[in-house]
Amino acid sequence: MDETTNREDADLARRRASLDAALKVRQSQEAATDQGRAGRDATGYGKALRLSSEFIAGIVVGAGLGWGLDKLAGTAPFGLIAFLLLGFGAGVLNVLRTAGLVQSAAEAQKAERSARK
Amino acid sequence: MANDPIHQFQISKLVDLNIGGLDVSFTNSSLFMVATAAAASAFLYMTTSNRGMVPSRLQSISEMSYEFVASMLRDAAGTQGMRFFPLVFSLFMFVLVANLFGMFPYFFTVTSHIIVTFMLAMLVIGTVVVYGFMKHGLGFLNLFVPHGVPGVLVPLVVAIEVISFLSRPISLSVRLFANMLAGHITLKVFAGFIVSMSAMGFVGVVGSILPLAMTVALTGLEFLVAFLQAYVFAVLTCMYLNDAIHPGH
């Protein structure tokens with residue numbers, strides 16, 4: 001009597017485990033296709049606008065700082081030239097960071113901390 | 001006049017107010033901002049006032065928007081970031097409802113004016129800067145100094161990082177404003193084509209089916225953009241707040 005219950009329990013546990021595994025595979029597949037679809041349609045358009053606005057914002061801020069510095073210190077046009085170039089650099093950095101090709105400082109330190117642990 | 005695609009963005013004064021030489025008139029933009037805030041609060045309040053264990057449809061919309069923003073914030077800024085939940089949720093709901101209000105014919109789109117989106121972005125960056133300095137003191141400036149940079153390059157890298165940080169409110173506000181402005185102008189231009197083409201007799205009427213189809217498609221796209229931009233604004237807010245909470249030690 002005891003033996004049959006044990007065997008049935010073991011059988012049930014095995015079946016549940018295999019069902020769990022099958023379900024997990026299926027869910028991850030569904031999640032992957034969902035992400036892929038969203039990535040193509042919605043985020044593609046959003047990403048294009050995001051990247052361009054990040055780049056332009058960097059240049060605009062650089063030029064604005066340089067122009068303001070020139071106004072204050074009377075160093076025209078060198079401040080504008082230098083800060084426009086820096087702003088270009090910042091714009092490129094923004095774009096790379098948005099695209100996930102360069103880690104931000106905070107992310108890099110977080111990764112470093114978790115690696116050290 | 002009816003075909004002028006820019007006309008929809010014009011500010012008109014509803015109540016002329018002038019306090020100490022400062023023009024603080026109540027405009028159509030103010031009216032729609034008030035309407036946006038009122039509609040968002042009223043919706044959330046009314047759908048959650050008699051809540052049940054089994055949520056009604058409207059209650060589950062409220063709960064879904066709460067869960068959506070809460071998980072977004074928790075992912076980006078950790079559990080510590082949850083203290084900013086009221087800010088992020090208010091911003092998300094305001095931008096979303098303002099964008100959706102803009103989709104009604106004859107309604108004014110608040111988020112299509114850069115000064116509005118810029119002030120929203122400055123609110124976010126102001127919170128980041130003030131909270132960052134309050135919590136970490138001068139350690140907040142570590143945000144601008146990446147690890148492992150050779151000493152010679154530090155001034156250059158810091159300058160670029162600072163400019164990159166300062167460009168955040170601009171890119172945040174320009175993105176939202178440009179999306180809404182461009183979308184509404186495109187919609188109006190294509191809708192205008194229908195009118196001017198169908199004035200050209202039978203061939204024009206038949207031909208105007210093309211811009212009509214385009215307008216219908218664009219309306220769908222605009223709804224997508226309305227949601228997407230509110231989402232992007234909230235996600236970036238979360239990421240910037242994360243910098244204030246963990247600037248790196």
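Which residues have the most contacts inside the largest nonpolar core? In this predicted model, that core has 49 residues, and those with the most contacts inside it are B:V69, B:V88, B:F92, B:V128, B:F233 and B:Y240. At least two residues of the core come from each of the following helices of chain B: α1 (28–49), α2 (57–77), α3 (85–101), α4 (114–136), α5 (154–198) and α7 (209–245). The helix that gives the most to this core is α3(B), with 13 residues.

**Helices of chain B**

Two packed helices are described by the angle between their axes and the distance between the axes. For α2(B) and α7(B), the axes come within 8 Å and cross at roughly 35°, and the crossing in which α2(B) passes α7(B) is right-handed. On the side of α2(B), the contact is made by B:F68, B:M72, B:L73, B:A76 and B:A77, while α7(B) brings B:Y231, B:A234, B:V235, B:C238, B:M239, B:N242 and B:I245.

The helix α4(B) has 23 residues and reaches 32 Å from its first C-alpha to its last, which is close to the 33 Å expected at 1.5 Å a residue. Its buried residues include B:V116, B:T117, B:L120, B:A121, B:V124, B:I125, B:V128, B:Y131 and B:G132. An α-helix has 3.6 residues a turn, so residues three or four places apart point the same way. What covers the buried residues of α4(B) includes α1, α3, α5 and α7 of chain B. After α4(B) comes B:G137, whose phi is positive, near 60°.

**Aromatic pairs and a buried threonine**

Over all chains, the count comes to 14 aromatic pairs.

| Pair | Arrangement | Centre to centre | Angle between the planes |
|---|---|---|---|
| B:F101 and B:F107 | edge-to-face | 5.8 Å | 80° |
| B:F144 and B:F165 | edge-to-face | 5.4 Å | 80° |

In the pair of B:F101 and B:F107, B:F101 counts as buried because its relative accessibility is 17%, under the 20% that marks a buried residue, whereas B:F107 is partly exposed, with a relative accessible area of 33%. B:F101 and B:F107 also belong to one aromatic cluster, which they form with B:F32, B:F104 and B:F108.

What does the pair of B:F144 and B:F165 tie together? B:F144 lies in the loop between α4 and α5 of chain B and B:F165 in helix α5 of chain B, so the pair ties together parts that are 21 residues apart in sequence. B:F144 is buried, with a relative accessible area of 11%, and B:F165 is buried as well, with a relative accessible area of 8%.

Is B:T109 buried or exposed? B:T109, found in the loop between α3 and α4 of chain B, is buried, because its relative accessible area is 2%. Not counting residues up to four places away in sequence, B:T109 touches B:A98, B:G102, B:M180 and B:H184.

How values were computed
Residues are numbered from 1 along each chain as its sequence is written. Chains are lettered from A and ligands numbered from 1 in the order in which they are written. This is a predicted model: local features need pLDDT of at least 70, side-chain atom pairs count only at pLDDT 80 or more; totals for chains, interfaces and linings use all residues. Side-chain values use heavy atoms; hydrogens and water are left out. A nonpolar core is a set of buried Ala, Val, Leu, Ile, Met, Phe, Trp, Tyr and Cys residues joined through side-chain atoms within 4.5 Å. Buried means under 20% relative accessible area, exposed over 50%, partly exposed in between (1.4 Å probe, protein chains only). Helices (H or I, at least four residues) and strands (E, at least two) are DSSP runs, numbered from the N terminus. The expected span of a helix is 1.5 Å times one less than its number of residues. Contact means heavy atoms within 4.5 Å. Rings of Phe, Tyr and Trp (its six-membered ring) pair if their centres lie within 6.5 Å; planes under 30 degrees apart count as stacked, over 60 as edge-to-face and the rest as tilted. Axes are lines fitted to C-alpha atoms, for helices over the stretch in contact, and angles run from 0 to 180 degrees between N-to-C directions. A crossing is left-handed if the near helix is turned anticlockwise from the far one by less than a right angle, and right-handed if clockwise.
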